[in-house]
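Take a look at the model below. This report walks through a few of its features, one at a time.

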Amino acid sequence: VSNHLAEIESLPSFLHHTLYHAGRPGHAGAAAFLALSGMMSTQIAAAPIDSPVAYIAVDLYEAFSARSLTIDAASPPASYNTWDRPEPETLRYKKIVVFVMESVTLKALEEGTSRLEPERMFAHIKKQSHRYTNIIASNMDSRTGMLAMLSGRFVPFEAYSDADVARYAFLSHKRSLVHRMNEYGYVTAFSAAVTEQEAVVFDLPWSERFVLTESDRDRARKQGFLCLTPYEFEHSCDDRYLLPRLVDFVASHERAFLYHEFIYGHSQEYMDALQIDPVRYYSDYVEAFTEALKKRGLLDETLIVIVADHGIRMKGYETERSTYILPLYFFHPQFQGRTDASLYAHFDFKDLLLAEASHTSPPLARDHAPFIGMTSSAIIGAVDARGGLTVIKDRRWRPYALMTPDTAHAERLLAGIRSYRDRFTESDFSY
């Protein structure tokens, strides 16, 4: 699918002009537009929605049926230096553990939690958590989603095209939450039960990195853990194989910062094989981890953070606001439950974490929070504090809005994100 869409993107400029205007009344491309619409309708009816043919057909149908956007001037959006914000001198917790769930929205977490037995951890976690219930996913790919969290910057690129990677790879050498935790005196670690190394994120200055070797996978299988290769680029095992190693890491250092990316949920194969709902799996994992710390007398000095890497990526969900709203829970056994519904972006994670870990005020809420769609989707957009949602397909040959409160708003957002993208490497500023 990505290759076919890339071919359209690389068409000669005169064809971009034709595609841009096709479908407008009186234009020579209108007849072709109508013929193509008929062909696409046939393809959509004949093919399953998850097939490449149907995916491309729907994408093209949207492009020709939606009104194109125009940009008169690309004025830069309001920006700030994320590292100029006041930061606490010290943090109150000796241990900070971040669990990053895979593709779990706030809505999915709450629905999954409602099905749990009362004794399960997530069924009662609200009572001892500070919850942020309006966190907007900045990126709909895992790598750039995590990078936004750790860099404190809006990453205005899709994650997995080589051209885009070249434009954000420099972030591995810029200041990040990992740098800051090192400065605070924490031993930092990234963990994922996979042999592959997540580019850029893995290159941040972690003190330790917990990933798998093929020998680890052999040992995991012998111990009864499921290990699969669901994709060419993922040789992984059940997250629970690493759990004892992660507990030992936290226990063995006076000050420890652990950032764990869950593998469970990345692919349907694990869920089909283990038959465990993702929310139940994450709840049981976090409970096992906290119980292990409690037995060692370490839970009271540990802040547990539960968040997700991105929202729903399946086609058909792009215009639902709940697709982009992620959970963010800060759990501690001494916390009294509270909820903050202020609008924040995923790249505000650094400042929210430092505020919670120091018992200081959170950053100011946002008027709107921008986002980038998954690789090859060409989606950009924003959620605003009034509940509005703008979703734009930024195709080079014809940018158009799938959803917007008004066209002028969408055109300003498109101009602002394009301008920010062009200036991304120039400074430490974020959107």
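## Terms and ground rules

Helices (H or I, at least four residues) and strands (E, at least two) are DSSP runs, numbered from the N terminus. This is a predicted model: local features need pLDDT of at least 70, side-chain atom pairs count only at pLDDT 80 or more, and totals for chains, interfaces and linings use all residues. Residues are numbered from 1 along each chain as its sequence is written, and side-chain values use heavy atoms, with hydrogens and water left out.

## A buried histidine

Find His346 in the loop between strand S12 (344-345) and helix H14 (349-358). His346 counts as buried because its relative accessibility is 1%. Buried means under 20% relative accessible area, exposed over 50%, and partly exposed in between (1.4 Å probe, protein chains only).

What does His346 touch, leaving out residues up to four places away in sequence? Its contacts include Ile135, Ile136, Ala137, Ser138, Val307, Ala308 and Asp309. Contact means heavy atoms within 4.5 Å.

## Two loops with positive phi

Most residues other than glycine have a negative phi. Val200 has a positive one, near 70°. Val200 lies in the loop between strand S4 (187-191) and strand S5 (208-210). Its relative accessibility is 3%, so Val200 counts as buried.

Gln275 also has a positive phi, near 55°. Its loop runs between helix H12 (268-274) and helix H13 (278-295). Gln275 is exposed, with a relative accessible area of 64%.

Strands of a sheet pair through backbone hydrogen bonds, either parallel or antiparallel. Here, four strands form an open sheet in the order S13-S14-S15-S16, with antiparallel pairing. Strand S13 (368-372) and strand S16 (400-403) stand at the edges. Each has a single partner strand, so one side of each is left without a neighbour in the sheet. Neighbouring strands of this sheet are turned by 25° against each other on average, direction ignored. Axes are lines fitted to C-alpha atoms, for helices over the stretch in contact, and angles run from 0 to 180 degrees between N-to-C directions.

Strand S15 (residues 389-393) pairs with S16 over three bridges. Two strands pair if DSSP finds at least two bridges between them. Val391 stands opposite Met403 in S16.
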